[in-house]
Protein chains: 2
Amino acid sequence: MNDLSASPALIERLKSAVGERNVITDDHGREPFENDWRGQFHGRAAAIVKPASTDEVARVVQMLAKERVGIVPQGGNTSLCGGSVPDASGRQVVVNLSRMNRVRAVDPANNTMTVEAGCVLATLQQAADEHDRLFPLSLGAEGSCEIGGNLSTNAGGTGVLRYGNTRELVLGLEVVLPDGRVWDGLRALRKDNTGYDLKHLFVGAEGTLGIITAAVLKLFAKPRSQATALVAVESPDAALKLLAKLRESVGERVTGFELISRICLDLVFRHIPNTRDPLGCASAWYVLVELSDSTQGSTLDNLLEQALGSAAEAGLATDAVLAASDTQRKALWALRENVSEAQKLDGVSIKHDVSVPVSRVPEFIERASAALLKKFPDIRIVAFGHMGDGNVHYNCGKSQADQASRFYGESPEVNHIVYEVVNDLNGSISAEHGLGVLKVDEIKRYKSALELDLMRAIKKTLDPDGIMNPGKVL
Amino acid sequence: MNDLSASPALIERLKSAVGERNVITDDHGREPFENDWRGQFHGRAAAIVKPASTDEVARVVQMLAKERVGIVPQGGNTSLCGGSVPDASGRQVVVNLSRMNRVRAVDPANNTMTVEAGCVLATLQQAADEHDRLFPLSLGAEGSCEIGGNLSTNAGGTGVLRYGNTRELVLGLEVVLPDGRVWDGLRALRKDNTGYDLKHLFVGAEGTLGIITAAVLKLFAKPRSQATALVAVESPDAALKLLAKLRESVGERVTGFELISRICLDLVFRHIPNTRDPLGCASAWYVLVELSDSTQGSTLDNLLEQALGSAAEAGLATDAVLAASDTQRKALWALRENVSEAQKLDGVSIKHDVSVPVSRVPEFIERASAALLKKFPDIRIVAFGHMGDGNVHYNCGKSQADQASRFYGESPEVNHIVYEVVNDLNGSISAEHGLGVLKVDEIKRYKSALELDLMRAIKKTLDPDGIMNPGKVL
């Protein structure tokens with residue numbers, strides 16, 4: 001990288017490529033693109049460039065590559081790890097894809113749609129719905145995150161148990177490479193064995209190997225019926241056994257299995273209006289179970305009731321409430337979905353987005369909690385998450401706000417304790433959110449030198465000058 | 001590569017690594033490892049080496065890499081494209097993984113098993129079954145093919161419609177790299193976003209980037225009930241509409257949707273004993289439909305009957321027979337499964353394993369057939385396959401044996417006509433079987449120069465001396 005990055009000549013060339021008003025250089029205009037939405041990562045860019053087509057992206061990348069200017073690809077800028085924010089140098093250029101927001105094609109008979117990177121996730125869910133199909137990727141930021149970012153971070157969310165991560169939802173990609181060439185890998189094929197699968201290199205690479213400009217996404221049959229229950233269980237281990245038992249009796253209809261501790265619910269009841277405990281007695285742990293079926297008029301409620309009855313007999317469930325209406329269903333989900341918000345209202349906490357094999361979730365919670373309590377006797381652990389995916393959101397704080405802020409300073413030690421247990425159980429220190437700049441140092445401890453070597457070798461092969469999203473991932 | 005490959009000193013070192021009797025150098029002993037099972041590809045190796053552990057594979061690869069000897073990784077040697085056969089030089093060494101055949105672990109609560117590359121596919125299906133789980137990969141060669149080969153070729157088969165290709169069935173890999181280092185990527189996680197997804201580079205790379213020695217595979221709930229029907233339809237286009245209609249009414253229960261032309265059935269009736277037409281009148285096209293459900297006692301037969309009734313009303317099905325027993329179900333599947341065998345008994349044919357978007361299968365069949373008939377008026381086209389995956393086995397021959405053999409000489413022109421239509425429809429010239437040596441030249445015509453560049457760059461990065469399965473894929 002050199003100081004030419006912000007040269008007036010380069011800015012002029014960028015303007016000629018994408019139009020004057022799509023190159024933003026003034027402080028006020030740049031600001032929303034330079035900081036993340038949670039206010040945790042702040043940068044300064046030479047310019048924000050907003051191309052409207054693949055061709056424009058390619059021309060912009062060529063111009064920047066020629067002068068070795070660092071490029072920060074950006075979608076809805078909803079990263080939780082600072083993955084889409086420039087550094088503080090003022091020399092990087094943010095390439096924001098939001099103007100590339102066309103659904104290029106929907107092919108219901110092939111169960112696919114071809115979309116541009118800047119499409120907001122919620123609009124894609126809607127586009128699928130208009131063709132009586134499901135695009136199953138669903139997550140908190142869906143109203144503002146963009147599919148290019150979802151692909152680049154291999155986003156998770158609530159549909160993973162049944163449909164997989166974003167990676168599993170893509171058949172083809174179009175990518176502008178770090179030298180400005182365009183790889184047209186927009187295949188819409190269910191089977192294609194003609195060489196290396198390049199698309200999986202770019203999915204989850206967080207923009208460090210190229211800019212994803214378009215994708216062919218899989219569509220599915222829409223779920224026509226659902227049954228939802230909040231189930232009280234004694235422990236994460238009982239929850240694990242309940243999951244196995246449910247799968248035995250209703251198989252792949254289990255589409256949601258969210259573990260929630262009592263502490264989570266108490267926070268929700270305290271901070272979120274119009275929430276209440278739907279069960280009579282408090283329990284240390286709960287599971288939110290959802291079954292789905294793609295056929296109408298099925299007897300899912302009966303199936304779930306029977307399965308929970310037999311789980312109760314086996315001592316796996318101590319109490320349960322089934323949603324009798326869509327309103328009740330939404331109220332149960334609101335308990336789960338408001339945990340993060342309630343916790344935020346209660347004070348800061350040290351968050352971990354980790355995964356272990358599903359079978360080891362109870363052991364992870366037990367061991368991590370024991371280790372933390374030993375060091376921090378008055379710690380408050382808020383654990384919840386996608387148990388069916390082995391993905392636990394494991395957040396640590398103190399119950400009093402003044403203590404909480406001071407406790408935040410202990411992050412390095414808390415992280416170390418949690419991640420060591422994760423590592424012992426062959427888990428991942430970033431299940432859903434990626435590395436960004438947040439975990440770029442941490443990962444060096446937990447990935448083997450060999451794997452880091454391989455990643456660096458691939459980075460060097462595709463991006464020899466290191467201009468694509470510098471400082472992220474590696 | 002140099003002439004040291006077969007040096008007595010190297011052979012001795014290999015013997016010291018894996019044991020004397022696991023290095024085969026005599027002509028008779030080498031022969032089954034040097035030729036493919038269909039007798040189409042013949043090679044000559046310096047030696048066959050049969051390591052029994054990852055450590056032994058690593059030592060063998062180190063020894064061979066040091067002297068730049070070409071390495072041909074081999075499992076059950078059931079490739080249809082010559083992917084696991086050495087060249088004729090007598091200088092390459094076949095590293096056969098069949099002795100690495102342990103199931104290292106089964107984790108039913110995580111729905112995974114960790115297996116070694118040399119495990120025969122059918123034994124893995126059985127291992128899953130013993131834990132009341134399904135490992136859904138299923139294909140003709142399952143009694144002898146090995147999972148390392150399935151992974152290296154991203155095998156397809158009959159389960160793809162519901163469960164995806166082999167690629168979708170793997171969570172983690174262990175790979176011996178071309179320099180003999182071992183990458184331990186044996187993660188059993190449903191979510192892990194910590195950098196580039198390296199496993200997808202090795203899956204489908206046909207052994208050209210390293211030797212897969214073990215894998216963590218996904219398991220699923222076992223199907224507890226099935227409903228099967230043979231449906232007469234007027235055309236591939238009617239079949240396509242039937243697929244959409246079925247998915248509308250029974251959603252993801254559609255687990256099999258195989259298109260079969262009348263010519264296929266006639267060949268089966270003629271050559272395979274104990275087969276007969278289960279329907280009264282002949283139809284130009286048929287679909288074998290199967291629904292599956294992971295819950296017992298479901299009413300699948302009723303669902304299928306209703307769905308087919310409403311398809312008949314819509315003019316999409318002209319006749320249908322439902323299997324009333326498991327015997328009848330097997331008899332229906334036997335019609336589909338014996339097409340290849342019947343065709344082989346009838347004479348040689350020019351085969352194509354191609355895919356297009358599902359929505360374009362009718363157009364592919366129509367255009368390819370019209371183009372072929374124009375050039376070869378008496379050609380006989382035998383078309384069948386996994387329509388739900390867009391994967392057509394499109395085989396061309398003549399009805400009389402003497403003409404058939406001569407017609408085989410027209411392969412280049414026939415291939416050209418078929419592949420041009422495939423390419424026009426954004427399809428793949430190898431849907432399931434890979435490239436091997438068979439299609440290594442052909443692919444240069446149909447892949448973009450840029451994509452070939454990227455593949456070569458990755459090959460060079462991981463295997464700079466080009467010793468891994470030389471001459472395959474690239």
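The questions below concern the meeting of the two chains and then one residue.

Guide: This is a predicted model, in which local features need pLDDT of at least 70 and side-chain atom pairs count only at pLDDT 80 or more, while totals for chains, interfaces and linings use all residues. Residues are numbered from 1 along each chain as its sequence is written, chains are lettered from A and ligands numbered from 1 in the order in which they are written, and side-chain values use heavy atoms, with hydrogens and water left out.

Visitor: How many residues of chain B are in contact with chain A?
Guide: Contact means heavy atoms within 4.5 Å. Chain A contributes 83 residues to these contacts, and the number from chain B is 83.

Visitor: What area do chain B and chain A bury between them?
Guide: Buried area is the accessible area (1.4 Å probe) that two parts lose on being put together, summed over both. Carbon and sulfur atoms carry 53% of the buried area, and the total is about 6,800 Å². In chain B, the residues that lose the most area to chain A, together 16% of what that side buries, are B:Lys191, B:Asn193 and B:Tyr196.

Visitor: Which residue forms a salt bridge with B:Lys191?
Guide: A salt bridge is a side-chain nitrogen of Lys or Arg within 4 Å of a carboxyl oxygen of Asp or Glu. Between chain B and chain A the count is 14 salt bridges. For B:Lys191, the closest N and O atoms are 2.7 Å apart, and the partner is A:Glu432.

Visitor: What rotation superposes chain B on chain A?
Guide: The superposition is by least squares on the C-alpha atoms of residues with pLDDT of at least 70 in both copies. The RMSD is 0.0 Å, with 0.0 Å of shift along the axis, and the rotation is 180 degrees. That is the relation of a two-fold axis. In chain B, the C-alpha nearest the axis, 3.2 Å from it, is that of B:His200, and the rotation asked for is 180 degrees.

Visitor: Is B:Asn395 buried or exposed?
Guide: B:Asn395 lies in strand E18 of chain B, residues 391–397 (strands are DSSP E runs of at least two residues, numbered from the N terminus). Buried means under 20% relative accessible area, exposed over 50%, and partly exposed in between (1.4 Å probe, protein chains only). With a relative accessible area of 3%, B:Asn395 is buried.

Methods:
Helix = DSSP H or I, 4+ residues; strand = E, 2+ residues; numbered from the N terminus.
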